[in-house]
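Here are my notes for a colleague who has not seen this structure before. Please read them with the model open.

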Amino acid sequence: MSTPETSRFVRLRVELVLEVDDQDAVTKAALRRIADDTTMPADERTHAEAAVTEDTAEALAYLVDPFDLVSEVPGVDLAQASWSSEHVEYDPDSPEWDLDEDDVDEDFDGEEAGRVG
């Protein structure tokens with residue numbers, strides 16, 4: 001009997017909901033990051049500065065980098081990443097925001113899939 005090969009690639013899904021208490025601080029931090037990026041072409045810089053100034057969600061997208069999340073994890077290299085940000089209405093008591101709902105897969109006999117014992 002042969003053993004099925006396991007892919008070396010893993011998709012890690014992360015969803016964050018951030019409460020922004022100081023939009024100005026977020027915007028300023030994003031503008032600093034853009035200013036510090038010496039490889040960004042001038043026309044792209046102008047567009048980026050306008051985007052982060054107009055929209056805090058865009059500013060956060062410039063500040064939160066998936067590479068930063070895994071750059072120091074031993075034994076892994078980031079192969080591909082995409083992320084986005086958007087303003088949302090958030091109600092922590094709403095079942096819509098139950099972050100554990102995707103974490104529990106139940107099989108046909110009601111036990112959690114993958115659980116041993």
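1. Helices here are DSSP runs of H or I with at least four residues, and strands are runs of E with at least two, numbered from the N terminus. With that in hand, lysine 28 and aspartate 24 both belong to helix 1 and sit four residues apart, about one turn of the helix. This is a predicted model, in which local features need pLDDT of at least 70 and side-chain atom pairs count only at pLDDT 80 or more, while totals for chains, interfaces and linings use all residues. Residues are numbered from 1 along each chain as its sequence is written, and side-chain values use heavy atoms, with hydrogens and water left out.

2. The chain has four helices and zero strands; along the sequence the pattern reads α-α-α-α. Of its 117 residues, 15% count as buried (under 20% relative accessible area; exposed is over 50% and partly exposed in between, with a 1.4 Å probe and protein chains only).

3. Lysine 28 and aspartate 24 form a salt bridge, their closest N and O atoms being 3.1 Å apart. The term requires a side-chain nitrogen of Lys or Arg within 4 Å of a carboxyl oxygen of Asp or Glu. By this rule the count is one salt bridge. Lysine 28 is partly exposed, at 45% relative accessible area, and aspartate 24 is also partly exposed, at 45%.

4. Arginine 45 is placed in helix 2, residues 42–54. A polar atom of its side chain lies 3.2 Å from the backbone oxygen of methionine 40. Leaving aside neighbours within four places in sequence, arginine 45 is in contact (heavy atoms within 4.5 Å) with Ile34, Ala35, Asp37, Thr38 and Met40.

5. On the surface, Leu12, Val14, Leu16, Leu18 and Val64 form a nonpolar patch with about 500 Å² of accessible area together. Patch residues have over 30% relative accessible area and no salt bridge; nonpolar side chains (Val, Leu, Ile, Met, Phe, Trp, Tyr) are joined within 5 Å, like charges within 9 Å. One of the patch members, leucine 18, is found in the segment before helix 1 (23–36).

Definitions and conventions
A polar contact is a pair of N or O atoms within 3.5 Å; within protein, one must be able to donate a hydrogen and the other to accept it, and residues adjacent in sequence count only if both atoms are side-chain atoms. Accessible areas come from the Shrake-Rupley method with a 1.4 Å probe; for residues, only the protein chains shown count as cover.
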